Amino acid sequence: ALNLAKIQQLWFCNLLHQFQGLSAINKNVRWTSELMESLLDVVGTFGNQARNFLRQANRAKNFNNLKNSKKNKKDSFKPFYDRLLASVGGSDMVCDGSKIPDNDTVAETLKTLDTCATSIDSSCQVAATTDLSDVQTCLDDTNSYRDLFLQKFVIDGPSATQICGLVMDTTLQTLKTKVKNCGTIVANAEKKQKAELDTCKKGT
């Protein structure tokens with residue numbers, strides 16, 4: 001697997017080395033403060049924000065999947081309930097000719113099993129469609145940005161002069177803006193899905 005952090009570090013160091021050499025021999029290479037800031041922003045978005053946003057978005061989706069998994073299994077307790085109930089004579093709940101008291105372990109267990117489905121159903125909330133669609137959009141935009149960055153700045157191996165134009169590439173800049181706008185979206189989604197999962201886990 002690619003060590004993206006190492007690639008970023010080596011690439012950036014090599015880029016600066018190229019510019020140091022070019023600035024002394026080629027007056028046409030003008031690395032302005034604006035371009036430098038844009039480069040740092042492009043690299044920083046790739047190396048830090050995009051990576052963190054991907055992790056947060058995937059965690060939010062995973063939390064929701066865990067909720068759904070438990071919710072979908074809410075009726076798994078029904079067979080145990082039916083067998084236990086049948087073993088004590090059905091709804092009469094009689095053992096050795098005597099009615100089982102409400103505080104008996106068997107009666108308590110039956111009561112718990114009987115309410116499992118309802119408890120899980122109410123505790124495990126399904127994520128709003130808009131919440132997950134926004135998270136998925138952020139995942140798609142972030143992956144597109146990282147793929148484009150790697151292609152243009154690493155795989156293609158551009159020269160320092162070529163990078164001047166690549167930094168301000170319209171598609172790259174548009175995707176970078178979309179990635180930056182994902183910060184609040186994925187952070188809120190992760191927090192919300194984690195809280196809902198914690199509640200879901202408490203559902204019997």
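Is serine 123 buried or exposed? Serine 123 counts as buried, because its relative accessibility is 15% and buried means under 20% relative accessible area, with exposed over 50% and partly exposed in between (1.4 Å probe, protein chains only). This is a predicted model, in which local features need pLDDT of at least 70, side-chain atom pairs count only at pLDDT 80 or more, and totals for chains, interfaces and linings use all residues. Residues are numbered from 1 along each chain as its sequence is written, and side-chain values use heavy atoms, with hydrogens and water left out.

**Serine 123**

- Serine 123 is found in helix 4, residues 105-123. Helices (H or I, at least four residues) and strands (E, at least two) are DSSP runs, numbered from the N terminus.
- The side chain of serine 123 reaches the backbone oxygen of serine 119 at 2.8 Å.
- Not counting residues up to four places away in sequence, serine 123 touches Glu196, Thr199, Cys200 and Gly203. Contact here means heavy atoms within 4.5 Å.

**The largest nonpolar core**

- A nonpolar core is a set of buried Ala, Val, Leu, Ile, Met, Phe, Trp, Tyr and Cys residues joined through side-chain atoms within 4.5 Å.
- The largest such core has 26 residues, of which Val42, Tyr145, Phe149, Phe153 and Leu172 touch the most other members.
- At least two residues of this core come from each of helix 2 (33-72), helix 5 (129-155), helix 6 (160-167), helix 7 (170-180) and helix 8 (182-202).
- Helix 2 gives the most, with nine residues.

**Aromatic pairs**

- Rings of Phe, Tyr and Trp (its six-membered ring) pair if their centres lie within 6.5 Å; planes under 30 degrees apart count as stacked, over 60 as edge-to-face and the rest as tilted.
- The count comes to two aromatic pairs.
- Phenylalanine 46 and phenylalanine 149 are stacked, because their ring centres are 4.1 Å apart and their planes are at 15 degrees.
- This pair links distant parts of the chain: phenylalanine 46 is in helix 2 and phenylalanine 149 in helix 5, 103 residues apart.
- Phenylalanine 149 and phenylalanine 153 form a tilted pair, 5.0 Å centre to centre with 40 degrees between the planes.
- Both of these residues, phenylalanine 149 and phenylalanine 153, lie in helix 5, four residues apart, about one turn of the helix.
- Phe46, Phe149 and Phe153 form one aromatic cluster.

**Burial and charge at the cluster**

- Phenylalanine 46 is buried, with a relative accessible area of 2%.
- Phenylalanine 149 is buried at 1%, and phenylalanine 153 is buried too.
- The charged end of arginine 146 sits over the ring of phenylalanine 46, 5.2 Å from its centre. The rule asks for NZ of Lys or CZ of Arg within 6 Å of the ring centre and within 35 degrees of the ring normal.

Conventions:
Polar contact = N/O pair within 3.5 Å; in protein donor to acceptor, adjacent residues only side chain to side chain.
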